[in-house]
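Here is a friendly walk through one protein model, written for someone who likes to know the cut-offs behind each term. Have the viewer open and follow along.

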Amino acid sequence: MTLDRRAAAALDRLLPEVPERLGVAVSGGGDSMALLHLCHAWGAARGVALAAITVDHGLRPEAAAEAALAAQACAALGVPHETRAWSGWDGRGNLQDAARQARRALIADWAAERGVGAVALGHTLDDQAETVLMRLARGSGVDGLSGMAEAARDRGTLWLRPLLEVRRDELRAWLRRRDIPWADDPSNADDRFARVRARAILAACAPLGLDAPRLARTARSMRRARAALAAAAQDLAARAAEVTAGAVALDRAALAAAPEETRLRVIAGAIGLIGGRAYRPRLDALEALAEAGTGTLHGCRAVTVEGRLWIAREAAAVADLTARPGAIWDRRWRVTGPRADAAVGALGPEGLAACPGWPATGLPAAVLEASPAVRDGADLVAAPVAAPDAAAAAGWRAAPVLGACDLAARLGAH
């Protein structure tokens, strides 16, 4: 089957329905330039318009020229194109991870503004193999070794990787036959980056049979295993978890009766849901928290009260986070009331001390300390969760944003 037909078949399979418009992330490199032209041919045959975006991270002098090349290719195809810049690198942490997260956020924002529900990415089989190898080096389990998903929903966007079964060299050969230019990123030869080193290791190990296709097959096998484990975790959560008051309460007896892998998945899912982190906690830290039934991890605080393990937001993690009434605060609450000029923030230990009737709520102090409070400057106006009756009498109410379906979705996400 030709590359054109394989790409078209992948898009047909990955999209739940034929959209009016498909987004395409184009960097100017070979993989994304091939993706652009393949998606354009697919769209032309199905009446689907394309919209393209390039993210300029501002980290290399060549980036502007690469964005211009992408824009030129889109113009030749009649595809609307936009370049968005990132200037958030502070010189600390993992540069490539920070750039990847920023790129995802910028593209998701662009897609939401343009009404684009799905965005195609140019990851290849070689990218998948390199990802698996790097995660293997980090000691990843089933989730990590399952690699990148062909289709995944995140930040309100459906992300597609229709070229995940195609080799990088095949794409470049396809471009050459059509005289389509592309830019080579010089950082792809910079061995300071882990992915470049992984690429070299793969080339060296190929004579032993440890090549890109074999690692990609491993990822497919791990994805099947991950799906089975996710289903077991969702089943346990349906029986043992309650999402309430901006926290997750887990029945410790039900957790103890479950296999360790399933138990840890549910706890990790609860931490991810409440803390809002994209990545699962490291295994040793997760095991320690599950064993102790208490601790802090990924912006969450765990406490055990009357046979239930509560995963609450860590109050200190949201101490400086505020929102106006009516807006969503900390992804978990929407507080409404009579004053638009008040500030919604964390109740905190001091605020909880000002609510002597809080034990009547039946909620642990750790949950209430991270619940929303309404303040006028330093003055506590209302505590809708810790003192609901008084708050309601004053016209203030707090509605939780998260529910059981959100935990199930996080446990099943892959």
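How far apart are the end C-alpha atoms of α11, and what should its 16 residues span at 1.5 Å a residue? The end C-alpha atoms of α11 are 22 Å apart, which agrees with the 22 Å that its 16 residues should span at 1.5 Å a residue. The expected span of a helix is 1.5 Å times one less than its number of residues.

## Ground rules

This is a predicted model, in which local features need pLDDT of at least 70, side-chain atom pairs count only at pLDDT 80 or more, and totals for chains, interfaces and linings use all residues. Residues are numbered from 1 along each chain as its sequence is written, and side-chain values use heavy atoms, with hydrogens and water left out.

Helices (H or I, at least four residues) and strands (E, at least two) are DSSP runs, numbered from the N terminus.

Gly276 follows α11 and has a positive phi, near 75°.

Now bring in α12 (residues 283-292). The axes of α11 (residues 260-275) and α12 come within 10 Å and cross at roughly 95°. That makes α11 roughly perpendicular to α12. Axes are lines fitted to C-alpha atoms, for helices over the stretch in contact, and angles run from 0 to 180 degrees between N-to-C directions; those under 35 degrees count as roughly parallel, over 145 as roughly antiparallel, 65 to 115 as roughly perpendicular and the rest as oblique. On the α11 side, Glu260, Leu264, Ile267, Ala268 and Ile271 make the contact, and they meet Leu283, Leu286, Glu287, Leu289 and Ala290 of α12. Contact means heavy atoms within 4.5 Å. By class, the residues of this contact are eight nonpolar, no polar and two charged. In this scheme Ala, Val, Leu, Ile, Met, Phe, Trp, Tyr, Cys and Pro count as nonpolar, Asp, Glu, Lys and Arg as charged, and the others, Gly among them, as polar.

## The five-stranded sheet

Next comes an open sheet of five strands, in the order β7-β8-β11-β10-β9, with antiparallel pairing. β7 (241-244) and β9 (295-297) stand at the edges with a single partner strand each, so one side of each has no neighbour in the sheet. Two strands pair if DSSP finds at least two bridges between them. Direction ignored, neighbouring strands of this sheet are turned by 25° against each other on average.

Four bridges join β8 (residues 247-251) to β11 (residues 308-313), and the two strands run antiparallel. Val248 has Ile311 as its bridge partner in β11. Helix α12 packs on this sheet, where it touches β9, β10 (300-305) and β11, and its direction makes about 150° with that of β9.

## Helices α5 and α8

Helix α8 (residues 194-205) has 12 residues and reaches 16 Å from its first C-alpha to its last, close to the 16 Å expected. Its buried residues are Val196, Ala198, Leu202 and Cys205, and what covers them includes α5 (125-137) and α9 (212-240).

α5 and α8 pack at an angle of about 100°, with their axes 9 Å apart. That makes α5 roughly perpendicular to α8. The contact joins Asp127, Ala129, Glu130, Thr131, Leu133 and Met134 of α5 to Ala194, Arg195, Ala198, Arg199, Ile201 and Leu202 of α8. Its residues divide into seven nonpolar, one polar and four charged.

## Residues worth a click

Arg332 is found in the loop between β12 (328-329) and β13 (333-336). Is Arg332 buried or exposed? At 1% relative accessibility, Arg332 counts as buried. Leaving aside neighbours within four places in sequence, its contacts include Gly246, Arg313 and Leu402. Gly345, in strand β14 (residues 343-346), is buried too, with a relative accessible area of 7%. Its C-alpha atom is separated by 4.6 Å from that of Thr322, 23 residues apart along the chain.

Most residues other than glycine have a negative phi. Arg155, in the loop between β5 (151-154) and β6 (157-160), has a positive phi near 55° and is partly exposed at 42%. Asp179, in the loop between α7 (168-177) and α8, also has a positive phi, of about 55°, and counts as exposed at 71% relative accessibility.

Definitions and conventions:
Buried means under 20% relative accessible area, exposed over 50%, partly exposed in between (1.4 Å probe, protein chains only).
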